[in-house]
Amino acid sequence: MNDSSWGAPAGSGRGGPDQGPAPAGPAYDRQPSAQTRPMPIVPDVPAGGFQDGHGRGAAHPSGPLFRDETPHEHPQEPMPSPTPPPPPAPTAPRQKKSAGRNLGAAIGVGVGLGAVIIASLYIWAPAFIGVIAVAVVVGLWELTSRLQERKGIKAPLVPLAVGGAAMVVAGYVRGAEGAWVAMALTALAVLVWRMTEPPEGYLKDVTAGVFAAFYVPFLATFVALLLTADDGPQRVLTFLILTVVSDTGAYAVGWRFGKHKLAPRISPGKTREGLVGAVAFAMAAGALCMEFMIDEGAWWQGLILGLAVAASATLGDLGESMIKRDLGIKDMGTLLPGHGGIMDRLDSLLPTAPVVWLLLALFVGTS
């Protein structure tokens, strides 16, 4: 059957009006499967619509058109503002280095002691020997007092004080032999004096007493030996100048440039830069003193003398610092404002005296 008018209205076909409507039945209701297509789903058009390229309204799909496009039914929430970084912590102002002592009092006391020493040294030599003896007795009192307070060691002060003063006088009057004899007699007096006490602690007490006799008066005797030469006052003054200049150079350079500790477990305040300053200052002062103050002295001898003084003064300072650390104290006493005690000023002088005496004896003799 050749019929091309499927679905035409009545009266429009070639069969004419007498044919009537197309009969109902499966032959007319079923469409070929190839001609069946689903109806497209048209999404809702928002108010105002969208315009295509020709100005006609265009439907907007229900989902986002691009990845970063958010659907209208889920409006984008505002992103939280980033937390500003915390302000930098204020840096503490750099503290100015402190000298650690009352410099005004220290300078005043130092000038006063220097005036007394120089006056007694050049006006009447025995008066200077008396100054040394007084310093020795006070130093022994400070040392023995601290030993008893901190360690319970009772080094007998009376024989130490009498024997120490006698040691200095014997060195000045009888020379080195007299000093050695006085030292031996002082040690014997310490042993005998301690026998009047109970035996408990005898050994540590007499050991500390003999140590104190050697450490303070015997080493101080070499200052008296310096005075026995013809140019004795100049030799003593050279000894004092070099020791003070060494200490001053170490303090000034170490305070300004010190970064590397010299012996932190013994004396945290001392630095290697300070030691370099001590050597430089002492060598320069030694060259000048040997050239202009010591008879028949030479500047190159002063360089060696200054180097030796810087070494011995530093070791002496460290030695007393070791004692004070063992005792758990800062200063040996409070007699000298800005300095501490007498022993805090004798620490570098005592071990330096025999060094200066020996080198001057080698360079220019003892007379």
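The model is predicted: local features need pLDDT of at least 70, side-chain atom pairs count only at pLDDT 80 or more, and totals for chains, interfaces and linings use all residues. Residues are numbered from 1 along each chain as its sequence is written, and side-chain values use heavy atoms, with hydrogens and water left out.

A pair of aromatic rings is described by the distance of the centres and the angle of the planes. Here, rings of Phe, Tyr and Trp (its six-membered ring) pair if their centres lie within 6.5 Å; planes under 30 degrees apart are stacked, over 60 edge-to-face, and the rest tilted.

The structure holds 6 aromatic pairs. Phe211 and Tyr215 count as stacked because their ring centres are 5.4 Å apart and their planes are at 15 degrees. Both residues belong to helix H5, residues 202–227, and are 4 residues apart, about one turn of the helix. Helices (H or I, at least four residues) and strands (E, at least two) are DSSP runs, numbered from the N terminus.

Phe218 and Phe222 form an edge-to-face pair, 5.7 Å centre to centre with 90 degrees between the planes. They too lie in helix H5, 4 residues apart.

As to burial, buried means under 20% relative accessible area, exposed over 50%, and partly exposed in between (1.4 Å probe, protein chains only). Phe211, at 39%, is partly exposed, whereas Tyr215 is buried at 11%. Phe218 is buried at 4%, and Phe222 is buried at 14%.

Finally, ring pairs link Phe218 and Phe222 with Trp180, Phe214 and Trp357 into a cluster.
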